[in-house]
Amino acid sequence: MFDALGTLLSSEALYVSAFQFSVLFAFAGCGEWVAERAGTLNISVEGMLIGGAFGAVVGHQMTSSAIVGLLVGALFGLLIASLQANLSHRLTANQFVVGLALNVLVLGLTAFLDSSIGFDPAHAKVIEIPVLIDLPLIGEALFGRPWPAYLIYPLVPLLWWTVFRTRWGLEARSVGENPQAADVSGIDVNARRRQAIYITGLCCGIGGAFLVLGQVGTFQAGMVNGRGYIALAAVIFGGWTLRGTIIGCVLFGFVEASTISIPANGYSIDPFILEAAPYVVALTVVLAFATRVRQPRALAQPFVRGLT
């Protein structure tokens, strides 16, 4: 057993795959972290990732530019976020129902369009960082990836600074903790929540674009495969902190990568067990941590002025 574990952990392919999955989870998880700090449990992360992936391949198909593909992917993620935000925090529709409906709608619509159109391969250029790429095991994983992967490095500190070092971030956190008090202070509670969801949409759109441009190379129906829900679990695992969310994304990234690396290294495990493993781990994490860490007090609670 220990020999098998040692062989697995010494595989460079494991770290490459783990980084790829971790980056995808981090784009979605960090964006969702912003929304949840503002009081919205945004179930439509899955749909935003799918929309970002579809937008990226559409943009690349039209221009043969990975940059345009990334921008269109971010725009598609923002579009889905605007539907979630305005239906939930302008028309006061149930945010869970809206999120689930958007996930189903986006999945079905993009699958239909994909089968009707058909797309050419879409790839972003691989950029290797000298010296660092030669580090053992992790060199290629961290410093030899397609360029969209590197966007996660500035994104994390940018989100932290936005939430903890700006007036907007202070107001967003306040509406996630005590929206009635924030409203009395003159803050437009639902506007801040909508804006936080827009940030989630942009991050997920970039994440979906990365999935196409930096991993798969084309759009496939079901390619996101529930990973938006795993990103939600990463936020809970991290106790609604950005650092903890990143750790959760890395953990789930390694679990996903292991389901690929284990059979690739010649070990025989029932494929149904491997396929279910990431979701079992995510469910276990939610059950273990959801009641042991303090969530934003007004998380998932709709705000209507005058009601307490």
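Me: Buried means under 20% relative accessible area. This is a predicted model. Is Ser-44 buried or exposed?
Reply: Ser-44 sits in the loop that links helix H2 (12–37) to H3. Its relative accessibility is 0%. The cut-off for buried is under 20%, so Ser-44 counts as buried.

Me: Which side chain is joined to that of Ser-44 by a polar contact?
Reply: Setting aside neighbours within four places in sequence, Ser-44 is in contact with Gly-99, Leu-102 and Asn-103, among others. The side chain of Ser-44 also takes part in a polar contact of 2.8 Å. The partner in that polar contact is the side chain of Gln-84.

Me: What is the phi of Ser-64?
Reply: Most residues other than glycine have a negative phi. Ser-64, in the loop between helix H3 (45–63) and helix H4 (66–89), is not a glycine, yet its phi is positive. The value is about 60°.

Me: Is Ser-64 buried or exposed?
Reply: The relative accessible area of Ser-64 is 60%. Exposed means over 50%, so Ser-64 is exposed.

Me: Where does Leu-137 lie?
Reply: Leu-137 is a residue other than glycine with a positive phi, near 65°. Its place is the loop between strand S1 (126–128) and helix H6 (139–143).

Me: What does Leu-137 count as at 32% relative accessibility?
Reply: Buried requires under 20% and exposed over 50%, with partly exposed in between. Leu-137 has 32% relative accessibility and therefore counts as partly exposed.

Conventions
Residues are numbered from 1 along each chain as its sequence is written. This is a predicted model: local features need pLDDT of at least 70, side-chain atom pairs count only at pLDDT 80 or more; totals for chains, interfaces and linings use all residues. Side-chain values use heavy atoms; hydrogens and water are left out. Helices (H or I, at least four residues) and strands (E, at least two) are DSSP runs, numbered from the N terminus. Buried means under 20% relative accessible area, exposed over 50%, partly exposed in between (1.4 Å probe, protein chains only). A polar contact is a pair of N or O atoms within 3.5 Å; within protein, one must be able to donate a hydrogen and the other to accept it, and residues adjacent in sequence count only if both atoms are side-chain atoms. Contact means heavy atoms within 4.5 Å.
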